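Hi,

Here is the structure I promised to pass on. Have a look first, and my notes follow below.

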Amino acid sequence: ITVPFMGDQTFWGNRLVSLGVGTKPITQQDLTEDKLANAIATVVRDRAFAKRARDLSQQIKAEDGVGNAVKAIKQRT
């Protein structure tokens with residue numbers, strides 16, 4: 001659940017939605033107790049969120065993030 005308040009947080013909140021692991025970002029001006037409570041209830045009750053988050057976690061763990069970053073930097077220098 002994201003409540004973006006600056007910078008690229010809206011982008012990353014939408015990225016979570018596209019990956020199926022987050023709810024639509026709630027803007028600060030639209031934030032209410034009910035909207036936040038509903039978002040929390042959605043991610044807690046819908047087991048698909050948890051499954052997709054576990055699957056994504058395994059994908060991230062399998063990546064060589066540092067190695068890939070080093071390769072990308074070396075290719076640009």
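Predicted model: local features only at pLDDT ≥ 70, side-chain atom pairs only at ≥ 80, totals over all residues.

How many residues does H4 have, and how far does H4 reach from its first C-alpha to its last? H4 has twelve residues and reaches 17 Å, close to the 16 Å expected at 1.5 Å a residue (the expected span is 1.5 Å times one less than the number of residues).

Residues are numbered from 1 along each chain as its sequence is written, and side-chain values use heavy atoms, leaving out hydrogens and water.

On confidence, the mean pLDDT of the protein chain is 96 (pLDDT is the predictor's confidence in each residue, from 0 to 100).

As for the overall build, the protein chain has four helices and zero strands (DSSP runs: H or I of at least four residues for helices, E of at least two for strands). Its radius of gyration, taken over C-alpha atoms, is 16 Å, well over the 11 Å that the globule rule gives for 77 residues, so the chain is more spread out than a compact globule (the rule is 2.2 Å times the number of residues to the power 0.38).

Threonine 2 is buried, with a relative accessible area of 18%.

Cheers

Technical notes:
Buried < 20%, exposed > 50% of the residue type's maximum accessible area, 1.4 Å probe, protein only.
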